[in-house]
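Q: I have a multi-chain model open and want to go through its contacts. Can you take some quick questions?

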Amino acid sequence: MKKYISRKIFMYLLTFFVAISINWLIPRMMPGDPILNLISKLSRQATNNARLYAELNQKFGMDKPLFSQYLLYLKNLTQGDLGQSIIFYPKTVAAIVSKALPYSLTLTIPAILLSFLVGNYLGALAARKKMLDNTVLPFWYVLTATPYLWLSMLLAWLLGSKLNLFPISGAYSFSRLPSATLSFVLDYLHHWVLPFASIFFVQLGGWAIGMRNLIIYELDADYSKYLRALGAPDKLVRRYAYRNARLPQITGLAVQLGVVVVGAITTEVVFGYPGIGLILAQAILGQDYFVVQGAFLMVVLCVLGANFFIDIAYIFIDPRVRHSMIGD
Amino acid sequence: MSVEVENLKFYYRTRKGSVKALDDVSFSIADGEILGIAGESGCGKSTLSNGLIHVCPPMELAGGSVRLDGKNLPLDKPDEMNTYRFRNLSIIPQYALNAMNPTVKIGRYVQDLMQSRGIDYSAIEKLFADRLRFVRLPEGIQKRYPIELSGGMKQRVVMVISTLLNPSLLLCDEITSALDVSTQKVVSALVAAFRDEKIVKSVSFVTHDVPVLYQIADRILIMYAGQVAEAGPTEEIIHAAKHPYTQALVAAMPEMASTYRQKKHASIPGKPPALLDPPEGCRFKERCPYRMPCCDERPQKRLVGNGHEVYCWKEDL
Amino acid sequence: MLQVEGLSKTYNKSSRARVRAVNNVSFSVEKGQIVSLIGESGSGKSTIGNMVLQLTKPSSGRILFGNQDITRQRSRSSLKEYYRKVQGVFQDPFSTFNPIFRVDRVFAILHREFFPNEAAEAWQQRVEAALLSVGLTPAAVCGAYCHQLSGGQLQRILIARALLLEAELLVADEIISMLDASTRIDVLNLLGEMRERGLSMMFVTHDLSLGYYISDRVIILYKGVMVESGNTQTVFSDPQHPYSRSLLEAVPRLDVRWDELPPRPASRHEAAMFNPDCDKGSPRMEQIGEDHWIAVRDCLPGTEL
Amino acid sequence: MRLKDNDILHYALRNRKLRIGLAIIAFFMLVMLAGPLFARWEARERAGLYPSAPPNSTNWMGTTKMKEDIFSQFIFGTQSTFLIGFLAGCIGTTIGLSIGFFAGYVGGWFDELLMMLTNILLVIPSIALLIILAAYLPYRGVQIQSVIIGCTAWPWVARAVRSQTLSLKQRGFVSLARISGVSPLRIIFEDIAPNMLSYVVMVFILQFGGAILYAVALDFIGLGPTRGISLGLMMQEAFQNNALQVGYWWWFIPSGLSITLIVSGLFFLNTGLDEVFNPKLRDQ
């Protein structure tokens with residue numbers, strides 16, 4: 001057991017290390033001198049680039065050999081110094097990113113978990129009722145095929161500007177300051193509904209379809225046949241099939257995390273929701289590479305953390321995995 | 001007579017028509033008797049066991065009746081059959097090695113099963129433990145997952161579970177074919193022991209392995225292409241078979257007494273007929289060395305000894 | 001013909017649990033001789049077959065074919081030369097034929113790989129001759145897909161394939177366990193006929209009655225260890241190793257019931273026997289009769305037998 | 001793959017999902033091929049009489065704020081989106097296939113290494129990788145965008161193909177080929193690959209759809225092709241010019257709808273094929 005976990009930890013550390021290195025390597029892979037590259041982009045910002053050039057040069061230590069640059073980069077990273085933002089000039093990247101993270105998490109985590117639970121339940125239902133299977137199932141396919149940003153725009157336009165039921169930008173109305181009062185929380189939720197809905201519904205379809213197929217396989221498995229041969233009522237057969245079909249869905253959850261990031265980014269942009277996604281989009285428009293790198297690392301960190309958690313938790317959920325790990 | 005089967009027919013509905021897998025089969029199993037049912041693959045022996053316990057599409061009941069302890073089984077009404085399943089009629093399936101839910105402990109599995117069948121688990125718990133000891137399985141097995149057991153152990157656990165309510169008829173469907181020789185002997189001896197201990201009243205033991213039947217079966221029923229060829233006491237079927245197919249089948253079995261050089265066994269030429277539209281009359285006529293014109297009509301049952309029936313026109317049986 | 005010396009194969013399932021599938025097995029197969037490897041699942045019999053066919057790399061030990069150690073060969077040409085003389089037939093006929101091609105593609109592959117410059121008609125003649133010699137009518141078989149033929153027919157096509165290469169050694173790995181009782185005897189008789197024509201064979205099976213029926217010498221395997229070997233009649237009539245004795249008693253027979261088996265005289269070599277369940281290390285083969293060997297513990301020096 | 005008996009063909013023709021999928025894809029192929037004949041203006045050309053006009057007789061789909069004709073943008077946008085999806089799909093499938101095949105067939109440390117690489121890339125969200133790659137590219141054409149999408153979308157393909165190859169490798173006909181002296185490369189392409197043809201087609205369809213969704217997301221956050229037009233770019237421009245608040249629905253509804261329809265058509269096609277090849281999933 002310990003060996004399995006230590007191998008997993010090693011794998012995730014390695015993955016994180018590779019992610020950081022990619023993040024560091026790409027600007028250097030690009031043709032031309034990365035600093036000149038950055039400066040040529042910066043020159044359009046009317047800040048005094050002489051001082052910035054000196055600072056960047058010192059920051060990157062371009063004269064030193066490549067490897068020591070890399071060590072410098074890692075050292076800064078460990079102290080949480082992700083560099084200086086250009087478009088939000090005085091603020092450091094670490095500050096910007098850590099301020100945006102809570103908003104992203106409150107949006108994506110509920111969307112992922114709720115869509116997982118509701119989707120699996122609906123999928124199990126569809127495998128049982130033929131009527132549901134023929135009418136709703138094709139609708140779910142269309143749902144998974146919908147780009148997140150289009151669903152967000154549709155909801156924003158329909159429920160937002162046309163019917164004026166929900167605000168369509170920001171995490172809370174501008175006149176308020178974040179405080180723990182009930183009215184602020186209500187206002188916050190009021191802004192939260194539409195972005196949540198657009199991630200939730202697109203994810204929902206995927207889980208429902210996955211569960212519908214998995215349950216059909218489980219209902220056809222030998223242990224279900226044996227239960228029916230012993231006269232067990234459908235309720236028990238379905239309960240067992242649902243539990244076993246949910247296990248592969250949990251591993252699916254881990255993989256899905258990486259995909260849902262796409263949705264989060266574009267949805268946040270449409271609703272102007274101040275999460276990591278919006279920061280990333282603004283940084284790209286403003287050619288602010290430090291923020292882009294910082295946002296990338298934060299996204300990768302969250303996804304890796306969640307994946308690691310699910311991998312370890314899965315050992316305690318599925319006895320077959322636990323058994324194959326310890327060896328008979 | 002605990003089990004009487006009359007003109008039973010199970011067909012499979014397919015796109016090209018219905019496959020007559022089991023076509024007008026009649027036999028009976030006395031109390032305390034192990035009836036061996038043998039035949040090559042495709043002769044309908046597994047269709048018989050699965051049909052008796054659970055008729056589900058694409059299989060359908062096309063005719064005939066089955067009486068168990070005098071009561072007519074509603075084979076074509078699955079939910080009505082539920083009252084009989086597991087209580088009076090139970091099965092050890094061919095896929096016994098993965099018949100238990102892999103993610104549930106064995107004790108928990110039996111508990112769920114009992115509660116779902118409306119049986120109070122505390123009454124059964126002691127019996128379940130005794131039966132596990134009877135098949136020489138450790139008590140602690142209830143806390144383990146099916147994946148942690150060997151093939152032989154899983155087979156025995158399923159045998160205990162299937163017979164927990166002392167059914168009067170136990171259907172065994174090819175339970176030895178997936179096992180090694182030594183485990184095979186243990187499992188077949190256990191089936192005989194279950195009958196001796198009156199845990200089950202009668203047993204139908206389906207297999208393609210005729211030597212196993214010679215060891216534990218009281219009577220043997222030989223099936224060919226969905227119909228009964230011959231049925232009778234084990235000794236007569238093996239050493240004094242009357243139906244040409246049974247004679248050829250037993251002759252084609254190499255056994256520990258003869259080698260290739262001493263006695264070259266002969267095989268049966270040709271292939272069993274397709275059951276989509278089976279030939280008229282005796283279905284073995286294409287491959288039978290004693291074929292006669294009258295073989296084009298369906299042979300009637302003829303008694304050639306006490307409880308020894310043959311479906312064949314041949315005069316000097 | 002084939003000399004196997006000290007052959008072993010260990011799989012490491014996880015870094016701690018190393019499974020020793022084959023443990024220091026040595027035997028030989030002479031010309032025109034059928035040697036059957038009998039054992040239950042997990043006894044390593046198929047692994048030995050695969051190692052002789054060079055489908056699995058042995059962990060240690062040597063395999064000499066005509067005094068050439070094939071475990072050291074590397075080049076593909078030497079491998080192809082080896083397959084010209086040593087061929088195999090596998091257990092599941094329906095898995096041995098690629099379902100999306102016609103069955104006679106296996107012959108076309110032989111033509112391309114081994115006889116590239118032979119004329120098409122001459123090759124077709126030889127194919128039809130080989131099919132006839134295994135009791136198949138070429139017209140019924142050529143051009144068919146594997147799901148249109150019976151298991152017995154498919155296995156006979158593979159045997160015909162070995163004949164086409166004029167193979168000297170055939171490794172038959174459980175080739176009849178998937179066949180029906182009536183067709184399996186045909187294939188067995190065919191193997192018998194080919195032995196008369198000088199083809200030697202390694203017959204891998206878990207069914208003792210088949211081993212008894214067809215083979216000249218027999219090797220009984222248990223957990224990768226060769227517990228007993230020798231002439232078929234001597235071993236089966238006078239088994240010494242406890243495992244072979246229990247195996248022989250477990251076989252369902254058509255002539256006598258289990259409880260009516262005559263009691264066997266006690267084994268003469270109980271003490272020195274190597275028991276794979278509890279003894280570690282590798283056994284040594286000790287001759288206890290004319291062509292009758294059993295595995296003994298190596299660590300007891302000087303015990304006379 | 002030769003249809004052994006007409007059973008597969010029979011179910012294929014009757015499968016509703018397959019028919020819907022094919023119909024949608026055929027429609028958009030038509031739009032792509034015949035469309036340019038009806039497009040009276042270039043994508044970026046000043047066309048309509050007045051800006052942000054709703055659909056009318058001259059501009060069938062209305063105009064943008066910059067008086068560009070939305071209908072012609074729609075036609076050329078569909079073309080480039082289709083192209084990106086196809087190219088990225090091909091690249092992603094090819095990389096995934098070759099890594100999956102060789103890791104599965106060769107095994108040993110080679111397999112260990114490739115699978116470690118695949119697992120690493122599987123965990124790192126490919127969109128993040130894409131953004132980093134795209135952000136640093138000085139010039140982004142349609143081809144370059146499909147290359148980077150393809151290069152980051154292959155890990156799940158590699159893992160799935162590897163497990164398929166491992167199971168096929170155990171099949172008898174691979175051992176038979178090996179003892180017939182057939183070279184490993186030929187075994188992979190003549191024995192293993194054809195058996196996975198149906199699976200490879202389904203993988204390609206999923207890659208095609210996935211690539212379109214990624215491309216649209218990239219275009220929307222400003223990393224789309226610097227020249228030319230794509231459906232994602234149209235929606236980004238609509239959003240930038242607050243078409244939502246002002247209600248120029250014709251600017252973003254058709255492009256979003258057509259992306260959804262293309263991708264759902266592909267998903268229907270994939271599920272239909274899945275049901276044809278493993279009957280258990282058919283509608284009960």
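Q: How many residue pairs are in polar contact across the interface of chain A and chain D?
A: Two, both at pLDDT 80 or more. Keep in mind that this is a predicted model.

Q: And how many salt bridges does the rule find across that interface?
A: Zero between chain A and chain D.

Q: What is the area buried between chain A and chain D, and what share do carbon and sulfur atoms give?
A: The buried area is about 5,000 Å². Carbon and sulfur atoms give 79% of it.

Q: Which helices of chain A supply at least two residues to the side that touches chain D?
A: On chain A they are H1 (2-29), H6 (130-145), H7 (148-162), H8 (182-219), H10 (234-271), H11 (276-285) and H12 (289-317). H1(A) gives the most, with 10 residues.

Q: How do the residues on that side of chain A divide into nonpolar, polar and charged?
A: There are 42 nonpolar, 11 polar and four charged residues on the side of chain A that touches chain D.

Q: How many residues does each chain put into the contact?
A: Chain A puts in 57 residues and chain D puts in 49.

Q: Switching to packing. Which residues touch the most other members of the largest nonpolar core?
A: Those are A:Met153, D:Ile131, D:Ile149 and D:Phe252, in a core of 160 residues. The largest share of this core comes from H12(A), with 14 residues.

Q: What is A:Met153 in contact with, leaving aside neighbours within four places in sequence?
A: In chain A, the partner is A:Val270. In chain D, the partners are D:Phe220, D:Met235, D:Phe239, D:Leu244 and D:Phe252. Apart from the core that holds A:Met153, there is another core of 85 residues; A:Val237, B:Tyr109, B:Met114 and B:Leu213 are among its members.

Q: Next, D:Phe173. Where is it, and is it buried or exposed?
A: D:Phe173 sits in helix H8 of chain D, residues 172-179. Its relative accessible area is 3%, so D:Phe173 counts as buried.

Q: What does D:Phe173 touch, not counting residues up to four places away in sequence?
A: From chain C, D:Phe173 touches C:Ser95, C:Thr96, C:Phe97, C:Asn98 and C:Pro99. From chain D, the contacts are D:Leu168, D:Asp191 and D:Asn195.

Q: How far apart are D:Phe173 and D:Phe74 in space?
A: They are 50 Å apart, C-alpha to C-alpha, and 99 residues apart in sequence.

Q: Why does the pair B:Arg287 and B:Glu40 tie together parts of chain B apart in sequence?
A: Because B:Arg287 lies in the loop between helix H9 (244-251) and strand S11 (302-303) of chain B, while B:Glu40 lies in the loop between strand S3 (34-38) and helix H1 (45-53) of chain B, 247 residues apart in sequence. Both B:Arg287 and B:Glu40 are buried.

Q: What about C:Arg126 and C:Glu166?
A: Their side chains meet in a salt bridge at 3.7 Å, N to O. C:Arg126 is partly exposed at 24% relative accessibility, and C:Glu166 is partly exposed at 48%.

Q: And D:Arg162 with D:Asp111?
A: That salt bridge is 2.7 Å, N to O. D:Arg162 is in helix H7 (residues 155-169) of chain D and D:Asp111 is in helix H4 (residues 108-123) of chain D, 51 residues apart. D:Asp111 is buried, with a relative accessible area of 8%.

Q: Which residues are linked in a network of salt bridges?
A: C:Lys80, C:Arg105, C:Arg112, C:Glu113, D:Arg186, D:Glu190 and D:Asp191 are linked that way. D:Asp191 is also one of the residues D:Phe173 touches.

Q: Last topic, chain D. How many helices and strands are there?
A: Chain D has 13 helices and zero strands. Its C-alpha atoms fill a box of roughly 75 × 45 × 30 Å along the principal axes.

Q: What share of chain D is buried?
A: Buried residues make up 61% of its 284 residues. For contacts in chain D with a separation of 6 or more, residues 24 or more positions apart account for 71%.

Conventions: Residues are numbered from 1 along each chain as its sequence is written. Chains are lettered from A and ligands numbered from 1 in the order in which they are written. This is a predicted model: local features need pLDDT of at least 70, side-chain atom pairs count only at pLDDT 80 or more; totals for chains, interfaces and linings use all residues. Side-chain values use heavy atoms; hydrogens and water are left out. Contact means heavy atoms within 4.5 Å. Buried area is the accessible area (1.4 Å probe) that two parts lose on being put together, summed over both. A salt bridge is a side-chain nitrogen of Lys or Arg within 4 Å of a carboxyl oxygen of Asp or Glu. A polar contact is a pair of N or O atoms within 3.5 Å; within protein, one must be able to donate a hydrogen and the other to accept it, and residues adjacent in sequence count only if both atoms are side-chain atoms. Helices (H or I, at least four residues) and strands (E, at least two) are DSSP runs, numbered from the N terminus. Ala, Val, Leu, Ile, Met, Phe, Trp, Tyr, Cys and Pro count as nonpolar, Asp, Glu, Lys and Arg as charged, and the others, Gly among them, as polar. A nonpolar core is a set of buried Ala, Val, Leu, Ile, Met, Phe, Trp, Tyr and Cys residues joined through side-chain atoms within 4.5 Å. Buried means under 20% relative accessible area, exposed over 50%, partly exposed in between (1.4 Å probe, protein chains only).
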